[in-house]
Amino acid sequence: MNTVALNSHASALLEATERPHLVQGEQTFSAVTETVCGIAERPTAPPGFWWLFGFTACLTGLLFTLIGYLIVTGVGVWGNRSPVFWAWDIVNFVFWVGIGHAGTLISAILFLLRQKWRTSINRFAEAMTIFAVICAALFPGVHVGRIWLAYWLFPLPNQMSMWPNFRSPLLWDVFAVGTYASVSLLFWYMGMIPDLATFRDRAKTHTKKFVYGIFALGWRGSNRQWHRYERAYLLLAAISTPLVLSVHSVVSFDFAVSQVPGWHTTIFPPYFVAGAIFGGFAMVILLVVPARAYFGFKHLVTTRHLENMNKVILATGCMVGYAYAVEFFVAWYGGNGYERFAFMNRALGPYAWAYWIMISCNVISPQLFWSRRARTSPIMMWIVGLFVTIGMWFERFVIVVTSLSRDYLPGSWGYFEPTLVDFGMFAGSCGLFLTLFLLFCRFLPMIAMAEVKAIMPQAHAHGDH
Amino acid sequence: MSSDTHNDMHANETAPTYGVLAEFDDVNGVIAAARKVRDAGYRKWDCHTPFPIHGLDDAMGIRPTRLPWLTLGMGLAGVACALLLQWWTNAYDYKLNISGKPFFSLPANIPVTFELGVLFAAFTTFFAVLGLNRLPMLFHPLLTVSRFGRATNDKFFISIEAKDPKFNASATIALLQAAGAGHIETVMGPKPSATKFPGWLVIAASSVFAFGLIPLSLAAKARFSTSSKPRIHIVPDMDNQPKSRAQTANALFADGRASRLPVEGTIAMGDLQEDVAFYQGKQGDAWLKGFPAQLTISDALMDRGQQRFGVYCAPCHGVSGLSDGTVAQRAEKLAEGTWVAPTKVTEPHVIVQPEGQLFNTITHGIRNMPAYGAQIPPQDRWAIILYLRALQKSHETGVSDVPARALPQLN
């Protein structure tokens, strides 16, 4: 009697907590292949694709035109003036690098944690990482002014017989972002080799066969290859995990190691990393929600995937909110007048508008995700994702600009005013990001087919375990 | 076109057998068959699947790869390189003093050390997995089988190579049939003539290599030879600077000056001197009579006046103002004829002069006497005038004029 009651209770509990399948519907291996390859194999792009692509390509053209203008004229074309010598360029750099981090988190950390739901979105997120890092690297690249001397960033022998200063966080940044970009690219490409082989084997035209064939490197799906490949994938995931944490920590050192009030705080590394994951997941939502409807892979990227990401956004949003509060507490508790002023100035000074945009977007808007309905509604999550992306851009703006515009001497205070070039280059970097993304959607496997197939029920041998 | 004729030329050439390829429909089938092939003692064989299958490594008897050791080793090598690089560049080859901090200190060198360790490990992993898997291999006999295309889609294959010592066409096919293969076919390798390295590629590659050496050798020559010409300057961005140079017109401003003149009417700090009584000794258009209001007449001022008079005036006018200073005496002795004797301060026309006029004389000079305005500050000029008045008085006075408190000093 007792046992029966217990059993029925347990089964009810099981039913209540049972999770929906990661891949919905009765799927076969070839159906997955058809869905993913079908997108790239369509002879013509879906309606509106080239209009959208044309728009983003124009923005990209604007970006490179402005970069050319900047190179021949000088960095004075931006609004950067004394005392604000770091402004939108650095804001955009940190913004884009941060967005990239969600991709590595999904592909590496969730892989190590055996979160199988990542398989449907990891390729997508890794592509986002690569494109975001490209956008990020542009800004400090042109910020150096005389870009033909940018090789001074690297320890190369030169006519001055001098070497870079290895005790400077700016040089750490060169190594961190450079390593991150290289490792992300390797990780992304390596993960794509089996899927590129699928594309090669299904290609109908000679050109496609040739190009996909080159990039597939002759992959034959051999199990001796898979054995080493899987081990290599695990190793790269294990290497990328501390790497992604280190990269944004080093980015935060650019600020934290300096003496500027509002920058010189030890909370920066963890706070920056949490913010990066927060902003990056919001960007994944912004991209994947329209893409899965547009390209028709809702059964592969399911509501459960989206809900999981929204939970991460809620958690990291709370961490970021906590960091904002702790910064204020430490400014008061630390007893340093300049530090206290810097924070009062952020919330109540001339940039208060930016500060409160940041707080509303980053701390208040994700609280909607406590509600399951908001977490599972594509429209709601897209709107919150947009708010979070805006909020995270403003977070970097608040940190960089308010601290510089009013530091120690009131006589050298100022107010930053962006120029049209600032606006154009930021819009242009968004254009570049979306252009690369659209090309990726059109020509490359958006979903890791081999990985999705491997988590389907029929991929496991019966009675093997 | 050319490849067609190539094939025709060797049309009667026979291609060697690469091996056999068997197709399976599901995961269980391929695992079970793999166990049978393994147990039959084959060595040169493989399974081909669209995704990695859990348990297939065991079924095939694949030993763990040594990849992790390569990754670890090269990661540690990266760490060592980074430490060596940072020590050699910043602490040995060119000591860079940053705020007196240690040249080599681990905390500051950790970020770069970590990143390089990661970079080396990641590149090693990537290239090692390609190398160990013998990729890229853009041609493989299996890739010529049309059925094999589904190995990257939804079918599972086992291939056994003819090179395997146990390979025997009929026996091997029988084994695979017994293992439940759905379809079995023999795969032919490339014709021997097709595997020859094309001659034109050798020529093309070696000419590209030879041309590639030209810039390198030029750079090497420049590095190890001297030249009287300046170094090649690719971007001459700083050669033409519109900065100020001595004796040349400046291009930045219409008037050719390098620096701007102050705004008209600008007065330097402390140069305003709007108090005409104090700075010019005037009261309206007339000379000031008496002393400026802000001056406190005191013994201290008198003493200052006496001391300054001794420094600036006495050499000509004499210590007592009777024009018997050493300069005046020597000029009399030389009798050069151009000398105008200094005026005695006791002259009646000097006694009647207002203080303001005396101040003006000291400031701008008169006849032979030079202007002392640049040497003696206004306060001191007034002090000298105060002392002058005392000197004038002292020449026509008696003991009765001496204040009672000063009398003891006279005795």
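**Close-up views of a two-chain predicted model**

**View 1. Surroundings of A:T316 in chain A.** Not counting residues up to four places away in sequence, A:T316 touches A:A274, A:I277 and A:F278, where contact means heavy atoms within 4.5 Å. This is a predicted model, in which local features need pLDDT of at least 70 and side-chain atom pairs count only at pLDDT 80 or more, whereas totals for chains, interfaces and linings use all residues. Residues are numbered from 1 along each chain as its sequence is written, chains are lettered from A and ligands numbered from 1 in the order in which they are written, and side-chain values use heavy atoms, with hydrogens and water left out. A:T316 is found in helix α10 (residues 303–333) of chain A; helices (H or I, at least four residues) and strands (E, at least two) are DSSP runs numbered from the N terminus. With a relative accessible area of 6%, A:T316 is buried, a term that means under 20% relative accessible area, with exposed over 50% and partly exposed in between (1.4 Å probe, protein chains only). The side chain of A:T316 reaches the backbone oxygen of A:V312 at 2.7 Å.

**View 2. A:Q225 in helix α8 of chain A.** The relative accessibility of A:Q225 is 2%, so this residue counts as buried. Leaving aside neighbours within four places in sequence, A:Q225 is in contact with A:W219 and A:R220, and also with B:N133 and B:L135. The side chain of A:Q225 reaches the backbone nitrogen of A:R220 at 3.5 Å.

**View 3. The salt bridge between B:D46 and A:R224.** The side chains of these two residues meet at 4.0 Å, N to O, a salt bridge being a side-chain nitrogen of Lys or Arg within 4 Å of a carboxyl oxygen of Asp or Glu. The count between chain A and chain B is 1 salt bridge.

**View 4. The interface of chain A and chain B.** In this interface, 64 residues of chain A are in contact with 73 residues of chain B. The two chains bury about 6100 Å² between them, 66% of it on carbon and sulfur atoms; buried area is the accessible area (1.4 Å probe) that two parts lose on being put together, summed over both. Of the area that chain A buries against chain B, A:R167, A:R220 and A:R224 supply 14%, more than any other three residues.

Conventions: Polar contact = N/O pair within 3.5 Å; in protein donor to acceptor, adjacent residues only side chain to side chain.
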